[in-house]
Amino acid sequence: MDKKMMLFIPAYNCEKQIVRVLAQLDEEVLPYFEEILVVNNRSTDDTEKAVLEYLKENPSLPVKLMRNDENYGLGGSQKMAFHYAVDHGYDYVCMLHGDDQGDIHDFIPMLEKKIYRKHDCVLGARFMKGSRLQGYSAFRTFGNIVYDFIFAFITKQRIFDLGSGLNMYSTKMLEDGFFEKFPDNLMFNYVMILASHYYKHDIIFYPVSWREEDQVSNVKMMNQAINVLKMAFSYMFNNEVIKQEYREVAREGYTCQQITKIEE
């Protein structure tokens with residue numbers, strides 16, 4: 001492993017799914033990642049207990065379980081993980097959502113071919129040729145594709161997904177913390193797309209599979225759809241808005257507590 005990589009798994013109220021995600025960490029996946037960081041974003045169910053029980057049964061896994069000091073939202077958890085990756089000398093950080101909608105194995109061909117080395121980030125795409133959707137409604141698929149086209153028009157580049165749960169980033173892209181004022185909620189990745197255009201990041205989309213079975217969505221669709229449109233068109237008329245404060249709470253930092261540690 002000539003590049004130091006970590007896998008980040010954000011987890012919130014996914015006690016039924018998180019064990020299936022951890023089960024993805026097999027002999028095909030593990031050689032690519034020096035460390036797997038599971039971040040419990042103050043779940044109100046037994047997500048943390050499920051992780052601890054799984055690690056007890058699989059003590060050889062290089063998994064570290066962390067608990068956010070507050071519920072920072074998905075965006076806030078990503079910021080924490082990005083800083084962790086930079087501070088601990090990782091070259092790349094890969095994110096896989098803990099709700100078992102995505103599959104890390106979809107990135108194996110990309111990792112084998114070292115495609116990630118040619119770009120600042122590789123974004124999993126659910127709506128491009130080669131992707132596979134299971135249990136995802138035609139209405140939501142259509143809505144996502146429409147928004148992809150809107151963002152493509154604004155950024156003048158092909159956009160195939162505004163925010164799937166499987167992405168990979170170079171820490172060189174992240175080390176200046178340009179994302180610090182971005183939303184702490186689910187809109188974080190939408191702003192990241194616009195920021196990549198503003199900062200001229202080299203991004204590439206890669207087809208992934210996606211399924212909806214027993215997951216519970218945290219997306220308030222209509223409200224989020226309106227806010228995303230407002231944000232996108234604000235950027236179109238004034239690119240400098242990407243530097244504004246998007247957070248409802250301007251935090252000084254995103255901290256967490258370590259619940260388990262990797263055995264030496």
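**Charged residues, salt bridges and a buried helix**

Glu15 is partly exposed, with a relative accessible area of 34%. In this predicted model, Glu15 sits in the loop that runs between strand S1 (5-11) and helix H1 (18-22). Together with Asp46, Glu53 and Glu57, Glu15 forms a negative surface patch. Glu15, at 34%, is partly exposed.

Salt bridges were examined next. Side chains of opposite charge can pair when their charged atoms come close. The structure holds 12 salt bridges. One of them joins Glu48 and Arg67, with the closest N and O atoms 2.5 Å apart. This pair links distant parts of the chain. Glu48 belongs to helix H2 and Arg67 to strand S3, 19 residues apart. Glu48 counts as buried because its relative accessibility is 13%, under the 20% limit. Arg67 is partly exposed, with a relative accessible area of 28%.

A further salt bridge pairs the side chains of Arg126 and Asp161, at 2.6 Å from N to O. Arg126 lies in the loop between strand S5 (121-125) and strand S6 (132-134), and Asp161 lies in the loop between H5 and S7, so the pair ties together parts that are 35 residues apart in sequence. Arg126 is buried, with a relative accessible area of 8%. Asp161 is also buried, at 2% relative accessibility.

Asp184 and Arg251 also meet through their side chains in a salt bridge, at 3.6 Å from N to O. Here too, distant parts of the chain are linked, the two residues being 67 apart. Asp184 is in the loop between helix H6 (171-174) and H7. Arg251 is in the loop between helix H8 (221-237) and strand S10 (256-258). Asp184 is buried, with a relative accessible area of 12%. The pair does not stand alone. Glu70, Lys79, Asp184 and Arg251 are linked in a network of salt bridges.

Glu70, a member of this network, is placed in the loop between strand S3 (63-68) and helix H3 (73-87). Glu70 is partly exposed, with a relative accessible area of 43%. Beyond its neighbours within four places in sequence, Glu70 is in contact with Asn41, Arg42 and Arg251. Asn41 is 29 residues away from Glu70 along the chain, yet their C-alpha atoms are separated by 7.2 Å.

Arg42, one of the contacts of Glu70, has a positive phi of about 60 degrees although it is not a glycine. Arg42 occupies the loop between strand S2 (35-40) and helix H2 (47-57). Its relative accessible area is 37%, so Arg42 is partly exposed. Lys156 likewise has a positive phi of about 60 degrees without being a glycine. Lys156 is in the loop between helix H5 (138-155) and strand S7 (166-170). Lys156 is exposed, with a relative accessible area of 67%.

Helix H7 was then considered. Of its 11 residues, 10 are buried, so H7 is largely enclosed by the rest of the structure. H7 is followed by Lys200, whose phi is positive, near 60 degrees.

His201 is found in the loop between helix H7 (188-198) and strand S8 (203-207). His201 counts as buried because its relative accessibility is 14%. Leaving out residues up to four places away in sequence, His201 touches Asp120, Met173, Phe178, Ala195 and Ser196.

Technical notes: Residues are numbered from 1 along each chain as its sequence is written. This is a predicted model: local features need pLDDT of at least 70, side-chain atom pairs count only at pLDDT 80 or more; totals for chains, interfaces and linings use all residues. Side-chain values use heavy atoms; hydrogens and water are left out. Patches are made of residues with over 30% relative accessible area and no salt bridge: like charges are joined within 9 Å, nonpolar side chains (Val, Leu, Ile, Met, Phe, Trp, Tyr) within 5 Å. Accessible areas come from the Shrake-Rupley method with a 1.4 Å probe; for residues, only the protein chains shown count as cover. A salt bridge is a side-chain nitrogen of Lys or Arg within 4 Å of a carboxyl oxygen of Asp or Glu. Lys and Arg count as positive and Asp and Glu as negative; His and the chain ends are not counted. The place of a charge is taken as NZ of Lys, CZ of Arg, CG of Asp or CD of Glu. Helices (H or I, at least four residues) and strands (E, at least two) are DSSP runs, numbered from the N terminus. Buried means under 20% relative accessible area, exposed over 50%, partly exposed in between (1.4 Å probe, protein chains only). Contact means heavy atoms within 4.5 Å.
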